[in-house]
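Please look over the chain below before reading on. The paragraphs that follow take its parts in turn.

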Amino acid sequence: MILMLVKIEGKKGEERLVVSSRQVAEDFGKNHKDVLESIRGILAAENSAAKFFYQSAYINRGKEYPEFLMTRDGFSLLVMGFTGEAALKWKLKYIEAFNSMENELRRIYDERKQWEIERAKGVLTRHILTDTIKNMVPDSPHKRFMYPNYTKLIYKDLF
């Protein structure tokens, strides 16, 4: 099982969720220098990927070493190129999560469509009721108050 240690970095109001290149190396069983090389390769190949990676440093035994902090998108971009058992497991979990998200979005879409259909039926029913009241009630100065009063009475009886 892969455990990603995600940290919240940044100034107040500008926080972002990031994961360290060191953590990625550890979780995927890779050398940190190889992960750094992969990130630098991505940055050299595609300039627009720079928004996903942040150059940083960590201190080990009093000496400073380079690392990258990356967003979820940077993490995904990086590990999609990894091979090996840990990378395969992560990719399968990613696919599973994506499919789950897609199913949830479909369910929400279907519910919304059903709600719209039911609402349209209700609007049609109210129009029929309004027209019926208009046609059944004789002309009088109070005719315009009949629909709201009748509908309140009907709703009171029904609900």
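Which residues in helix 4 meet which residues in helix 5? On the helix 4 side they are Arg126, Leu129, Thr130, Ile133 and Lys134, and on the helix 5 side Lys143, Met146, Tyr147, Tyr150, Thr151, Ile154 and Tyr155. Contact here means heavy atoms within 4.5 Å. By class, the contact of helix 4 with helix 5 has seven nonpolar, two polar and three charged residues. Ala, Val, Leu, Ile, Met, Phe, Trp, Tyr, Cys and Pro count as nonpolar, Asp, Glu, Lys and Arg as charged, and the others, Gly among them, as polar.

The model is predicted: local features need pLDDT of at least 70 and side-chain atom pairs count only at pLDDT 80 or more, while totals for chains, interfaces and linings use all residues. Residues are numbered from 1 along each chain as its sequence is written, and side-chain values use heavy atoms, with hydrogens and water left out.

The chain has five helices and four strands, in the order β-β-α-α-β-β-α-α-α along the sequence. Helices (H or I, at least four residues) and strands (E, at least two) are DSSP runs, numbered from the N terminus. Of the 159 residues, 23% count as buried, that is, under 20% relative accessible area with a 1.4 Å probe and protein chains only; over 50% is exposed, and in between is partly exposed. The chain exposes about 12300 Å², of which carbon and sulfur atoms supply 57%.

Two packed helices are described by the angle between their axes and the distance between the axes. Helix 4 (residues 85–136) and helix 5 (residues 143–158) have axes that come within 10 Å and cross at roughly 130 degrees. Axes are lines fitted to C-alpha atoms, for helices over the stretch in contact, and angles run from 0 to 180 degrees between N-to-C directions. Helix 4 and helix 5 are therefore oblique to each other; angles under 35 degrees count as roughly parallel, over 145 as roughly antiparallel, 65 to 115 as roughly perpendicular and the rest as oblique.

Helix 1 and helix 2 pack at an angle of about 120 degrees, with their axes 9 Å apart. This pair is therefore oblique too. Ser21, Arg22, Val24 and Ala25 of helix 1 make the contact with His32, Val35, Leu36 and Ile39 of helix 2. Five of the residues in this contact are nonpolar, two polar and one charged.

Helix 3 (residues 72–79) has Gly74, Phe75, Ser76, Leu78 and Val79 as its buried residues. These pack against strand 2 (16–20), helix 1 (21–28), helix 2 (32–45), strand 3 (53–60), strand 4 (63–70) and helix 4. Ser76 counts as buried because its relative accessibility is 10%. Beyond its neighbours within four places in sequence, Ser76 is in contact with Trp90 and Tyr94. Leu78 has a relative accessible area of 3% and is therefore buried. Not counting residues up to four places away in sequence, Leu78 touches Val24, Val35, Ser38, Ile39, Ile42 and Met70. Gly41 is 37 residues from Leu78 along the chain, and their C-alpha atoms are separated by 9.8 Å.

Is Arg61 buried or exposed? Arg61 is exposed, with a relative accessible area of 85%, and sits in the loop between strand 3 and strand 4. Most residues other than glycine have a negative phi. Phi of Arg61 is near 55 degrees, a positive value in a residue other than glycine.

Technical notes: Accessible areas come from the Shrake-Rupley method with a 1.4 Å probe; for residues, only the protein chains shown count as cover.
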